[in-house]
Amino acid sequence: MLGQIIRFGIAGGLSTIVYAAVYLPLTHYVFEPAHAVYAVPFAFAVAVLVGFPLHSYWSFKGHGTRDNSGKQHGKFVAVQAFGLVLNALITWIVTGWFHQPTWVPLLFAVSVVPLATFALNRAWVFG
């Protein structure tokens with residue numbers, strides 16, 4: 001499991017870089033800082049496109065089974081939807097209610113959300 005956590009961290013780190021690379025320009029040039037939450041779905045969608053192959057073929061390599069019927073993809077999307085909602089909620093609270101800079105929610109995106117999605121991915125999607 002330690003190997004999975006390390007690989008998940010690396011793959012998640014790459015996904016987070018992709019997320020930030022989409023999220024930050026949108027919050028600076030497209031959406032006002034008070035509406036930074038609008039950038040979350042766009043950034044999350046791109047990060048998921050990068051994350052699924054990394055997690056499926058590398059992070060959880062050798063763990064559980066792979067299902068090509070679409071069920072596993074559906075479960076992965078459900079876990080990512082949960083992560084999206086969690087990220088959006090955090091972004092909305094931090095930038096909307098507390099009026100913090102748009103980069104502050106990224107601190108939670110790097111710490112809280114990956115822990116939750118790792119547990120769900122390991123147990124439910126790739127278990």
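**Notes on the fold and its core**

1. Among contacts in the protein (heavy atoms within 4.5 Å) between residues at least 6 apart in sequence, 75% join residues at least 24 apart.

2. A word on provenance. This is a predicted model, where local features need pLDDT of at least 70, side-chain atom pairs count only at pLDDT 80 or more, and totals for chains, interfaces and linings use all residues. Residues are numbered from 1 along each chain as its sequence is written, and side-chain values use heavy atoms, with hydrogens and water left out.

3. On confidence, pLDDT is the predictor's own score for each residue, from 0 to 100. The protein averages 86, and 93% of the residues score at least 70. Helix α3 (residues 71–97) has the highest mean, 91, while helix α2 (residues 40–59) has the lowest, 84. Where pLDDT is low, predicted coordinates should not be read in detail.

4. The secondary structure comes to four helices and zero strands, in the order α-α-α-α from the N terminus. Elements here are DSSP runs numbered from the N terminus: helices are H or I with at least four residues, strands are E with at least two.

5. How does the radius of gyration sit against the globule rule? A compact globule of 127 residues would be near 14 Å and the protein has 15 Å, which agrees. The radius is taken over C-alpha atoms, and the rule is 2.2 Å times the number of residues to the power 0.38. Along the principal axes, the C-alpha atoms fill a box of roughly 45 × 30 × 20 Å.

6. Buried residues make up 38% of the 127; buried means under 20% relative accessible area, exposed over 50%, and partly exposed in between, with a 1.4 Å probe and protein chains only. The largest nonpolar core has 20 residues, and Y19, Y23 and F76 have the most contacts inside it. Helices α1, α2, α3 and α4 (104–125) each supply at least two residues of this core, with α2 giving the most, six. Such a core is a set of buried Ala, Val, Leu, Ile, Met, Phe, Trp, Tyr and Cys residues joined through side-chain atoms within 4.5 Å.

7. A search of the whole structure finds five aromatic pairs. The ring centres of Y19 and F44 are 6.1 Å apart and their planes are at 85°, so this pair is edge-to-face. The pair links distant parts of the chain, with Y19 in helix α1 (residues 2–30) and F44 in helix α2, 25 residues apart. Both Y19 and F44 are buried, and ring pairs join Y19, Y23 and F44 into a cluster. For the cut-offs, rings of Phe, Tyr and Trp (its six-membered ring) pair if their centres lie within 6.5 Å; planes under 30 degrees apart are stacked, over 60 edge-to-face and the rest tilted.

8. Beyond four places in sequence, Y23 touches A36, A39, V40, A43, T91, T95, T102, P105 and L106. Two of these partners deserve a look of their own.

9. T102 lies in the loop between α3 and α4 and is buried at 6% relative accessible area. Its side chain makes a polar contact of 3.3 Å with that of T27. The term covers N or O atoms within 3.5 Å; within protein, one must be able to donate a hydrogen and the other to accept it, and residues adjacent in sequence count only if both atoms are side-chain atoms.

10. P105 is found in helix α4 and counts as buried at 4% relative accessibility.
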